[in-house]
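My comments are set out as numbered points below.

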Amino acid sequence: MHAAKSATILGCLGPQLSRAEAAFFADVAPVGFILFARNVDTPDQVRRLTGDLRDAVGWHTPIFVDQEGGRVQRLRAPHWREWLPPLDQVAKAGPERAARSMYLRSYLIGREHLALGIDGNCAPCADIARDQTHPFLRNRCYGEDAETVVKISRAVAEGLSDAGVFPVMKHMPGHGLGTLDSHHELPHVTAAREALDRTDFAAFRALNDLHWGMSAHLVFDRIDPDAPATLSPVMIRLIRKEIGFDGLLMTDDLSMNALPGGIGNRAAGAIAAGCDVALHCNGKREEMDQVVAAAGGLGEAASKRLGRALGSRRPASDLSEAEALAELSALLT
């Protein structure tokens, strides 16, 4: 069973947990934590930090990181492997080998995570790349059609799961048509519902059995022109009913500038729209106070989804790192 009470996933400020942060997290009891580059120095330090975070809340809470490879990679050389951007590795491997190569890469990433006490990775990225996809996202994608994206996303999810790590699929219900960087601006998608059903939404529908998902900060003008998906009851209902995702749905980072209003309003709006959990990443205490107050307690449906998601953890496969690395090297040469 989990001991989470607050409908939040939170970050901390630096590489060590302060006493004040530990006391705050003990009081709040968030669903989990997320680490960024500012929290990462050496393997021993990360292990200490993940242990201290779990000690603060008193249970084996999930700890997430964004480790896609390429630009979005919080664990870097010299202590961890550097990876090509996903789209570049897919191209290098070629269509016959791409999925297996991404499985092996994800398995190796997951093994690195688990050794540090990190047990969730915000991947696969099941967005479909287009020529006009903003560069902040494009080479983080796996392909330009739904079939390729689904096949490789499934391989990424399986690789992480076989390493004993939770995969978090993003960005629901599809960010590939976004031509702006949602860290800074709010993208709008003008595509018709029918076209989206065949492409972006179809990719997530084919992966709807995964247990963890993350929402997208972009507006679908022809479905709900008034709110980005994270804050839109219409879009969250579409994710639940049409896409059929009944896993734990967390928001993308609430401190991204795509979202309107203050940080508390964003958290309240996301939970009211139907997201299970508000994700707040920057570790700033004054913002976290607002997010925790606005997000409120973990709802009954969200608590059940969290229980199922936590129960989806697999024992790690016995494929050795050396075997996985050797096979991956062969596939990429």
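The points below concern salt bridges and the solvent accessibility of the residues that form them.

1. The model is a predicted one, and the distances and accessibilities quoted here should be read with that in mind. Across the whole structure, a search finds 26 salt bridges, of which the following points take up some examples.

2. Arg 138 and Glu 144 are joined through their side chains in a salt bridge, with an N to O distance of 2.8 Å. Arg 138 has a relative accessibility of 24% and is therefore classed as partly exposed, and Glu 144, at 46%, is likewise partly exposed.

3. Within helix 11, which spans residues 285-295, Arg 285 and Asp 289 are 4 residues apart, or about one turn of the helix. These two residues form a salt bridge in which the closest N and O atoms are 3.1 Å apart. Asp 289 counts as partly exposed at 34% relative accessibility, and Arg 285 counts as partly exposed at 39%.

4. Helix 12, covering residues 300-310, holds both Glu 300 and Lys 304, again with a spacing of 4 residues, about one turn of the helix. Their side chains meet in a salt bridge at 3.6 Å, N to O. Glu 300 has a relative accessible area of 63%, and because the cut-off for exposed is over 50%, this residue is classed as exposed.

5. Which residues are linked in a network of salt bridges? The network comprises Asp 66, Glu 68, Arg 74, Arg 140 and Lys 170, and I would ask that it be described as a group in the text.

Methods:
Residues numbered from 1 in each chain as written. Predicted model: local features only at pLDDT ≥ 70, side-chain atom pairs only at ≥ 80, totals over all residues. Heavy atoms only, no water. Salt bridge = Lys/Arg side-chain N within 4 Å of Asp/Glu carboxyl O. Buried < 20%, exposed > 50% of the residue type's maximum accessible area, 1.4 Å probe, protein only. Helix = DSSP H or I, 4+ residues; strand = E, 2+ residues; numbered from the N terminus.
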